Amino acid sequence: MADQIQSIISNFNVEGEFVSAVPYGSGHINNTKYVVINQNGKNKEYILQRINKNVFKDPAKLMENYTSVTEFLRKNIIKNGGDPDRETINVVKTREGKNFYLDEDGEYWRLILFVTDSLSFDKVERPEQFYDSAVAFGNFQYLLKSYPAETLTETIVNFHNTPVRFANLMAAVDADKCGRLSEVTSEVEFCKEREEFAATLERAREAGELPLRVTHNDTKLNNILFDKETGKPICVIDLDTIMPGYSVNDFGDSIRFGATTALEDEADLTKVNFDISLYELYVKGFIEGAKGGLTQCELDLLPIGAIMMTFECGMRFLTDYLEGDTYFRTSRPAHNLDRARNQFKLVSDMEKKLPEMREIVNKYSQI
Ligand code: ADP
Ligand code: GN1
Ligand code: MG
């Protein structure tokens, strides 16, 4: 592997001697490596990623979004007196001046600066950390408020269109390509009962009530880097899915992943519960971070966004299970099924607590 990585790196505009490359992080999509290069006696860290072509159909266009958004953020960070090498992703160009390298096998690679002394978390370790992540994601959206949305390519069409995700699940059910349907009939029933709910946000959008914004679309906790020393968020990462979307989905995806008592793939459902106190902290932080930028309709729909993202993600895991685990990275046979069941357990919990979830939003909207 090291030889292959070394040869890929040699196409990027970096000087120095290759030291090492190891798999890194727990993302489900890209192939991520932590790379060290010795430059004049000093080790410099990078992240090398092979962009997942199965997921992202046009990596070159994706990299245009990615570079342009990060350059926009960089300017804003400098204007606000921040550290642009740590507070946003920095893309290293190839020797030909491109923002990705295309190898002989048709694979797309990008090299970015490793954010020094940083860590990401798959689970909330301290409640305050979740609050801080909410401020960071809310603020991220705020920073992109003036970004020209029409210049962005939709890197995954209908990414958070929940009715389309429902239709995809039904197609997978009909095809039952791997003969797994009989194992998941109650989960499929669970989804069918919520078919109408799935269209809630699309209906609000069509009625002109819910605005389209530039959103991150993959706001799980491990897509924020925290400072090893201070424990504070430094940088929002995983910018592959930045495109027009709903703020309530950015809110909701964070709740789905973080306001729970277990990891996303915990198979023992007795351990999986919606944590309303973490939800409350996130509501507070997200509203603060958005600095008054959310409309009344968006505020009203925040709890629905949380249920929607959890439901949608569960359907996506279930669809992938039925289709033979071709989308999300898995490390055990029923991994996607465990993930789907986990998400549906959270959906049921949130549905029961919806009145409380709404009260909490009201409490922080009035301040
Ligand atoms: P995926 O789409 O597969 O989730 P990510 O871009 O989120 O890929 O990267 C996977 C993991 O790699 C992240 O969760 C984080 O831990 C780590 N990571 C990614 N980019 C950086 C970076 N620039 N500096 C430090 N760590 C990073
Ligand atoms: C994927 O790339 P990563 O691991 O941060 C997925 C998200 C899902 C998430 C579930 C491009 O996120 O949409 O919510 O897994 N990203 C893509 O953990 O599909
Ligand atoms: Mg990620």
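I began with ligand 1, and I noted that of the 21 residues around it, N30, V115, S120, N222 and D238 come nearest, where a residue counts as near if one of its heavy atoms lies within 4 Å. I reminded myself that this is a predicted model, in which local features need pLDDT of at least 70 and side-chain atom pairs count only at pLDDT 80 or more, while totals for chains, interfaces and linings use all residues. Residues are numbered from 1 along each chain as written, chains are lettered from A and ligands numbered from 1 in the order written, and side-chain values use heavy atoms, without hydrogens and water.

Next I looked up polar contacts, meaning pairs of N or O atoms within 3.5 Å. I found a backbone N or O atom of V115 at 2.9 Å from a nitrogen atom of ligand 1, and a side-chain N or O atom of D238 at 2.9 Å from an oxygen atom of ligand 1. I then read that the protein covers 97% of the 560 Å² of accessible area that ligand 1 has on its own, by the Shrake-Rupley method with a 1.4 Å probe.

I also saw that domain 1 (2-116) and domain 2 (127-365) both give residues to the shell, so ligand 1 lies between them; the bounds come from an automatic or database domain assignment.

Last, I turned to helix 11 (residues 335-352), where 13 of the 18 residues are buried, so this helix is largely enclosed by the rest of the structure. Buried here means under 20% relative accessible area, with a 1.4 Å probe and protein chains only, and helices are DSSP runs (H or I) of at least four residues, numbered from the N terminus.

Terms used:
Buried < 20%, exposed > 50% of the residue type's maximum accessible area, 1.4 Å probe, protein only. Helix = DSSP H or I, 4+ residues; strand = E, 2+ residues; numbered from the N terminus. Polar contact = N/O pair within 3.5 Å; in protein donor to acceptor, adjacent residues only side chain to side chain.
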